[in-house]
Amino acid sequence: MLVGAVVRREVGFRRCVRSLCTLRGQPLVRGAAAGPLLHSRVALSFWGSVDPMQGSVTEPHHPLHRQRLKGTVLVLPCGRGSSTSSQVLLQLMLNGHAPAAILLRDPDPILCVGAIVAHEMFDKSMPIIVVGEDGFNKLAGHKSVTIDIDGSVRLFQGNITQSSEAAALCAQAQGSRGDAPLTASKEMPRSLEGTLSLDDTERAMLEGFKGRAVQLAMRIVQRAAEAQGAKHLLPVTQVRACRTEAIPAQMWVGAHIDSCMWISHASLLFVQRLVALGGSVAVPTTLNSASVDMVRWREMSVPPTFGEAASALGQYCLMGPCHVPEDARVQ
């Protein structure tokens with residue numbers, strides 16, 4: 001929504017920077033940021049199309065091919081592809097090559113999960129804002145923006161990255177929550193205020209009565225659910241995905257961990273944090289295939305740097321009884 005137009009002069013500016021309008025966005029992940037716009041009308045999959053270590057777009061046919069995302073405000077219609085995109089975004093946020101913010105035409109729950117995990121587990125912050133069709137089109141004609149924690153997006157014709165205001169916003173966005181214990185009273189950035197109703201059991205999890213690992217997981221689930229506009233959570237004990245000859249009834253499970261393939265170091269840090277906090281699975285759980293043979297990778301001449309890291313993802317098994325099908329031991 002167009003709110004107004006202002007002209008500002010900042011100390012140290014080489015020229016007057018004109019803010020033409022302000023968009024009122026819907027924050028899926030709250031935060032403050034500022035930076036130059038990197039706009040594309042083509043959706044982008046972070047998994048397979050973005051280098052998780054360098055933050056450059058590697059998909060040859062994408063309009064942003066070879067562009068680096070670091071420090072930009074990335075504007076996309078939506079994400080695309082695998083849920084592994086959340087892992088790639090997490091890695092980019094940990095190694096300092098992530099965008100300063102992401103502005104979306106349409107909501108994207110996968111990218112939200114990566115940003116939420118980065119904040120809750122590693123104190124790294126990056127706002128993700130939905131601006132709608134009209135806002136998405138307006139952004140195409142501008143060079144830079146500032147984003148406030150309420151989801152307001154101010155559009156500029158020039159480069160605002162040297163302004164004192166932009167520096168203050170970036171400092172606010174990178175602020176750490178420190179190492180204080182997780183508590184229910186601790187201020188928690190929320191996506192959509194008051195959209196999710198929790199029952200007594202869920203609230204006890206959130207308040208830490210079930211342990212720190214459960215509390216951390218519940219904070220992530222709550223924020224991800226709110227980002228999607230959920231009203232309630234659904235308790236799960238067992239899920240019948242489908243009944244076929246290949247999936248007998250005794251193998252029906254309540255959860256599946258799809259994070260055992262080695263993507264980047266962030267994949268390992270995630271499970272290590274949960275294990276260190278005493279996390280365990282709450283329902284019958286399966287694992288997806290690993291990137292190496294968990295037992296014989298040395299015999300197969302897998303480079304040690306890769307084999308050791310990839311096999312370490314087997315720490316998911318430390319969180320309780322997990323079923324790993326025989327044909328899933330090797331990827």
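Predicted model: local features only at pLDDT ≥ 70, side-chain atom pairs only at ≥ 80, totals over all residues.
Residues are numbered from 1 along each chain as its sequence is written. Local features need pLDDT of at least 70 and side-chain atom pairs count only at pLDDT 80 or more, while totals for chains, interfaces and linings use all residues.

Two packed helices are described by the angle between their axes and the distance between the axes. Helix α2 (residues 85-95) and helix α3 (residues 109-122) have axes 7 Å apart, at an angle of about 40 degrees; helices here are DSSP runs (H or I, at least four residues) numbered from the N terminus, and axes are lines fitted to C-alpha atoms over the stretch in contact, with angles from 0 to 180 degrees between N-to-C directions. The two are therefore oblique to each other, the class left over once angles under 35 degrees (roughly parallel), over 145 (roughly antiparallel) and 65 to 115 (roughly perpendicular) are set aside. The contact (heavy atoms within 4.5 Å) includes L89 and M93 of α2 and V113 and V117 of α3.

Where is empty space left? Rolling a probe the size of a water molecule over the atoms shows this. On a 1 Å grid over the protein atoms alone, a cavity is a set of points where a 1.4 Å probe fits but cannot get out, and a pocket is an open set with protein on both sides within 12 Å along at least five of seven lines; lining residues have an atom within 4 Å of a point. The second largest cavity is lined by residues including S85, I110 and L111. The largest pocket has a volume of about 2,000 Å³, taken as the space filled by probe spheres set on the points, which are joined across faces, edges and corners. To its lining α7 gives the most, with eight residues.

Conventions:
Heavy atoms only, no water.
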